[in-house]
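Hello,

Here is the structure I promised to pass on to you. Please have a look at it first, and then read my notes below.

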Amino acid sequence: PTSAQFSVVPHSGRFCYTLDNDLLTIEQRQFYEDNGYLLIKKLVSDEDIERFRKEFMRICKREVKPPGVMIMKDESLKSQFGQSEKVVNKVQDFQEDEELFRYCTLPEVLKYVECFTGPNIMAMHTMLINKLPDSDRQTFLHPMHQDLHYFPFRPASRIVCAWTAMERAHQDNGCLVVQPGTHKTTLKPHGYPEWEGKTNKLFHGLLDEDEKIPKVHLVMEKGDTVFFHPLLIHGSGINRTSGFRKSISCHFASSECHYIDVKNTTQADLEKELEEMVRKKYNASSVELKDIWNFRARLVQGERINL
């Protein structure tokens, strides 16, 4: 479908979360409307995934050092394994790494993204996750959360995450877990869960999780891609296998979205924490949340308007 076939405003009748287009079937649109996510099988090729894997290994070995990238590690394993994939849990903000950023520009991904954002598309937040074997300490269990907690831009309905499995993801190696339909709720208060010694920096979770809401484990094959709404409550389990569970993802937003002031909201504490981290990393005297997101954001299609 071409950009001309999209209306910028959501469908005035039946659909709130997808735009009128010729790609998604009525059944797919209804599924996303009801559940807040949509799984597309074998969307990304094995060849592309192999290229992303090789670049991840190069970053782990420090053969390349993309500007602005945040590398999250299990420091306790560093003395044992040195600089390798056995230590690195996540490569975040890879927007300046041209090889990994190719993921955000893949036509097969963008044609689906456009169904949620419209034709003017920004890549806002990028991650390659390498879930380490972790059966005992649960260091890399990510508590149930809503991604909108991290984002100071709106409207939520014009933001979507594309998350691609780089190998088979299942319950044993910590696949995504979602609570269908929770995208229809509001943004809830988040913070660090009370798990002594088991929380990673910025791995915030819901402070009051409703255990009665059913959970679905998204078992995915290599190349499968799930698109989900930023208010959908989701998380991931621990990796009980001896291998590594890799995935690559990007949060996309319409460039027509706008920044909001999160002071005096449930996102205020996150703003302080993030600004402090960036000030320390870059030895900056002052930094604002909007500046951080302006640095992360890259236009991938159409026109840059607000973001």
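**What I found**

Please keep in mind that the model is predicted.

D93 shows a positive phi too, about 60°, again in a residue that is not a glycine. You will find D93 in the loop between β3 (88–92) and α4 (98–105). D93 is buried, with a relative accessible area of 5%. The peptide bond between R154 and P155 is cis, with omega about 5°. P155 sits in the loop that links β6 (153–154) to β7 (159–165). I picked these spots out because most residues other than glycine have a negative phi, and most peptide bonds are trans.

Now to the packing. The largest nonpolar core counts 40 residues, and V91, Y103, C104, V109, F227 and F252 have the most contacts inside it. Two or more residues each come from β1, α2, β3, α4, α5 (107–117), β4 (121–131), β7 and β14 (245–254). Helix α5 gives the largest share of this core, 6 residues.

Y103 is worth a click in your viewer. Leaving aside residues up to four places away in sequence, Y103 touches V44, F52, V109, A162, W163, T164, T225, I248, S249 and C250. Another core lies apart from the largest one and has 23 residues, including M122, F151, L187 and C257.

Next, helix α1, which spans residues 26–35: which of its residues are buried? They are R29, Y32, E33 and N35. The buried residues of α1 pack against β1, α5, β7 and β12 (225–228). After α1 comes G36, with a positive phi near 90°.

A word on confidence before you dig in. The mean pLDDT of the protein chain is 87, and 86% of its residues reach 70 or more. Residues 1–12, however, have pLDDT below 50, although this stretch has 28 contacts in the model beyond near neighbours in sequence. Where pLDDT is low, the predicted coordinates should not be read in detail.

Best wishes

Note on methods. Residues numbered from 1 in each chain as written. Predicted model: local features only at pLDDT ≥ 70, side-chain atom pairs only at ≥ 80, totals over all residues. Heavy atoms only, no water. Helix = DSSP H or I, 4+ residues; strand = E, 2+ residues; numbered from the N terminus. Buried < 20%, exposed > 50% of the residue type's maximum accessible area, 1.4 Å probe, protein only. Core = buried A, V, L, I, M, F, W, Y, C linked by side-chain atoms within 4.5 Å. Contact = heavy atoms within 4.5 Å. pLDDT = per-residue confidence, 0-100.
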